[in-house]
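Me: I've got a new model open and I'd like to learn how to read it. Can you walk me through some features one at a time?

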Amino acid sequence: MAGLLADYTIIVRFGCSYDGKIYLCSANPLRHVLFRSGPVRRNVKAYKMKREIDFDILKHKIIDDGYVPGVSEALELTRRNNRESLWNLADELRRHYQGDYFDTCSIINARSGRCPEDCKWCAQSVHYKTDIDIYPLVDGTKAMQLAKYNASFNIRRFSFVTSGRSVTGGEIDRLAAYTSEILEATDMKVCASLGLVGREDMQKLYDSGVTRYHCNLESSPSFFRKLCTTHTVEQKIETLERAKSVGMSVCSGGIIGMGETMRDRIEMALALRRIGVDSIPVNVLNPIAGTPLEGSASMRPEEVMTSFAIIKVLNPGSVVRMAGGQSVIAAYKSRLLSCGVSGAILGDMLTTGGDAVRNDMKMIKAAGFGIVPPEE
């Protein structure tokens with residue numbers, strides 16, 4: 001008992017002979033411990049302990065002190081009896097760090113299929129038989145048409161996304177030219193998600209006007225090894241660091257619902273914090289026929305909401321955004337806007353359809369958000 005007491009501030013409230021209580025309050029907001037004793041005597045024996053979480057204290061420690069819960073502490077936050085408090089905490093942190101502005105982006109599936117990588121969730125891999133369109137890099141006219149269409153809805157960003165391990169050579173030059181043309185014709189910012197791009201090509205993209213690079217970690221490093229054998233999380237992190245080194249901001253998140261645990265999601269979120277990502281797209285798995293994950297079970301709404309919320313709590317300064325799988329969560333998607341979400345990919349996803357842009361915009365505005373203008 002003496003060793004335990006040394007770690008806590010002790011406040012003793014004296015009452016009648018059997019009303020003595022000892023309250024032990026840790027400096028760690030996740031460990032609020034109550035010991036109820038018998039009579040207050042020199043040798044006190046505690047027989048009951050209750051663990052509680054003071055979410056208000058935790059919020060202020062995150063905001064004021066930069067406090068970061070560890071894995072075990074974050075897991076405690078996600079327990080069933082804490083979920084609504086966690087959702088509210090994530091929403092309060094979103095209000096503090098991002099205000100009531102919503103960050104919108106859109107993508108073009110600029111090259112589809114024939115990917116040599118063996119990611120188990122992906123319909124574009126050559127290792128699996130799936131029913132998708134296969135085509136080379138799109139031409140500039142198609143890219144411009146989609147960019148202008150999305151700009152007409154005041155969507156902030158437009159991103160080129162390609163299948164395959166990487167993009168090199170002449171295709172990088174073409175994408176750089178497309179970027180310059182889009183920047184001249186619209187007020188959108190241009191992003192890219194082109195795989196494991198090298199530094200020289202990353203510099204070309206940046207010089208053409210690409211300001212943000214995307215490369216998902218997908219899951220925790222340990223679980224990712226079970227999903228893909230042809231590249232590693234470490235290679236993804238190196239790619240993000242190259243993007244940062246040339247002056248880009250970085251976007252990286254993952255997919256939930258692939259059989260990973262809540263601990264895996266937390267470990268991924270902490271890895272993203274260490275990298276210092278600006279944007280965290282969270283995809284909810286939409287199982288594709290022909291892929292190894294086609295029979296994956298659907299996640300419960302509460303688990304999806306809790307996953308988004310804990311990712312936000314561990315990365316309060318980053319925009320957490322809804323990404324792929326929005327058709328899977330359509331029935332409760334609006335509820336995520338009160339779980340720390342302040343961004344979304346709008347319009348068509350890669351190989352599965354997204355919600356119509358108009359409906360998304362209505363939902364966002366109905367939740368009290370304004371749209372971040374492209375110039376910010």
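**Around one glutamate**

Reply: Leaving aside residues up to four places away in sequence, Glu-117 touches Ser-125, His-127, Arg-165, Thr-230 and His-231, a contact being heavy atoms within 4.5 Å. Keep in mind that this is a predicted model, where local features need pLDDT of at least 70, side-chain atom pairs count only at pLDDT 80 or more, and totals for chains, interfaces and linings use all residues. Residues are numbered from 1 along each chain as its sequence is written, and side-chain values use heavy atoms, with hydrogens and water left out.

Me: Which side chains make a polar contact with the side chain of Glu-117?

Reply: A polar contact is a pair of N or O atoms within 3.5 Å; within protein, one must be able to donate a hydrogen and the other to accept it, and residues adjacent in sequence count only if both atoms are side-chain atoms. Here the Glu-117 side chain pairs with the side chain of Thr-230 at 2.8 Å and with that of His-231 at 2.7 Å.

Me: Is Glu-117 buried or exposed?

Reply: Buried means under 20% relative accessible area, exposed over 50%, and partly exposed in between (1.4 Å probe, protein chains only). Glu-117 counts as buried because its relative accessible area is 6%. For contrast, Lys-142 is partly exposed because its relative accessibility is 45%.

Me: Where do Glu-117 and Lys-142 sit?

Reply: Helices (H or I, at least four residues) and strands (E, at least two) are DSSP runs, numbered from the N terminus. Glu-117 is in the loop between strand E5 (101–111) and H5, while Lys-142 is in helix H5 itself, residues 140–151. The C-alpha atom of Lys-142 is 9.4 Å from that of Ile-108, 34 residues apart along the chain.

Me: What about phi: which residues have a positive value?

Reply: Arg-114 has a phi near 55 degrees, and Glu-218 has one of about 80 degrees. Arg-114 is in the loop between E5 and H5 and is exposed because its relative accessible area is 61%. Glu-218 lies in the loop between strand E8 (210–214) and helix H8 (221–227), and it's buried, at 8%.

Me: And the whole chain: how many helices and strands does it have?

Reply: There are 12 helices and 14 strands. Of the 376 residues, 52% are buried. Among contacts with a separation of 6 or more, 71% join residues 24 or more positions apart.
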